[in-house]
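Trainee: Could you take me through how strands in a sheet are read, one feature at a time?

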Amino acid sequence: MGAGFERKLTPDNTNVLPVLPTTRKVTSTQLLTEVFAGRVTSYEARLVLASAATFVALNTGTDYSSAREAVARAVREEKPRHLLEEYSRAVKTRRGNKEDRDDF
Amino acid sequence: MADLFTKATAMLGRNTFNERLLRRCLTALAGPRYNPETAGEFLAAQLDRRVPGIEEVLTALDFLCPVKRRLQRIIVEERVLCTSGTGGSTAKAGVNVTSLATLVAASVPGSARYLKYGNVGSRRQVGSSDLWQQLLKVEPMQLTPLLAKQTLASCGFAVVHAQTVTKRFALVQGARRHATGPTIFNLAGPLTCPFEGQRARYAIGVCRSDLLLNYAGCMSWRGMRGACYTGRIPGRGESDEV
C-alpha cells in the first residue's frame, strides 16, 4: 500500500478492507458516469465499488475479496447501466397502475 | 409552541432532558403554528455532542409511524438486503455513495435482491430520493413500497421513498431544513423501512460512531437483522454486527 493508505479489519478479522484517503469531491452524476464507463479512477467511485462489494458479501455470505472481484466484473460488463435502464423501464411501466399509486 | 422548543433546547444543554419532554416537543411539531427555525435548532441540539437513548429514538419513530400505521408491513420471502442511512455526514455533501453502491451490488449476477430505502436530503446534502428522481426522471412519491415489491421480483432491485411509507416525514421537513446538523429523525428514518422477512437483512449507515451502540439496540428492538456501520470515510466503514 502506498503512502496515505491504511487497512482496516472487519469484526470477524477475515476480510481486509482498504481505507482510502479523500482526494477530491465529485457529484453523484459524475460518479455514475465513471462507474458506467468502467473507468473507476476517483476516490468516491472506488468507494462505491468497495461499498457494493461489502453489500454483496453481506447478502450472499461470500468473502469480501470474491465479492470485490464479482463487482469489478459486473462493472466491466456494464451491468449497472443495464440494470438502471431495466429498472427505469419497470418503474415507468408500473407507475401508470392505480393500485401502485395508492398510499401505503 | 416556540417557547416549548426554546425551553427544551436549554434543558438539553443542562442534560436534564427527558423522553416526556421530547414527546411533547414532537407533538408540537404536528401543530399548525410551530416555528421551523426554533424546532430545527431544538432537533439539531438533541444530537449535538450528545447520544440519544434508545427510548428517545423510538419516541421519534413512534411520532413518524404511530402504532396503527406501523402494523402495515411488506413481507418478502426472498433474500433481500435493505440498505439505508441516517445521512448527516458533512463529508458527503455532494454525493450519495450508498445509493450507487446498492445499484452496483444488485447488478452482480446471482447476488440476490437489494432495496434502497431513503428520503430527500435536508440542507445541502444529496438524499437518496433526490438522486433517483434525477436518474429515473420520476417524482419520488411514485417510488412506493408496492412498486418496489414488484420491481424487486422482476429486476432484483428497488428504491423506496420514505415519505410514501409515512406522510409524517413531511411534518418535520421544515424543521430539518433549518437544523444545523443531523436530527433525531435522521436516526428514526431508516427504522421506518416497511420490508420484513425471515431472509431480509439490513445495512444501515450511521453518521457518528458514538451513536452505533444505541442504534444497534434500536435495530434489535425493531427486529432488524443485519449491521449498522460508520467510519471516518463517507458512506461505509467498519461494520458493527447487531
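This is a predicted model: local features need pLDDT of at least 70, side-chain atom pairs count only at pLDDT 80 or more; totals for chains, interfaces and linings use all residues.

Mentor: Residues are numbered from 1 along each chain as its sequence is written, while chains are lettered from A and ligands numbered from 1 in the order in which they are written.

Trainee: Which strands pair with strand 2 of chain B, and in what sense?

Mentor: Strands are DSSP runs of E, at least two residues, and helices are runs of H or I, at least four residues, numbered from the N terminus; two strands pair if DSSP finds at least two bridges between them. Strand 2 (residues 80-85) of chain B pairs in the parallel sense with strand 6 of chain B over six bridges, and with strand 3 (residues 113-118) of chain B, also parallel, over four bridges. Val80(B) has Arg113(B) as its bridge partner in strand 3 of chain B and stands opposite Ala200(B) in strand 6 of chain B.

Trainee: Is strand 2 of chain B enclosed or open?

Mentor: A residue is buried if 20 or more other C-beta atoms, placed from the backbone, lie within 10 Å of its own. Six of the six residues of strand 2 of chain B are buried, so this strand is largely enclosed by the rest of the structure. In strand 6 (residues 200-205) of chain B, five of the six residues are buried.

Conventions: A residue is buried if 20 or more other C-beta atoms lie within 10 Å of its own, exposed if 12 or fewer, and partly exposed in between; C-beta atoms are placed from the backbone.
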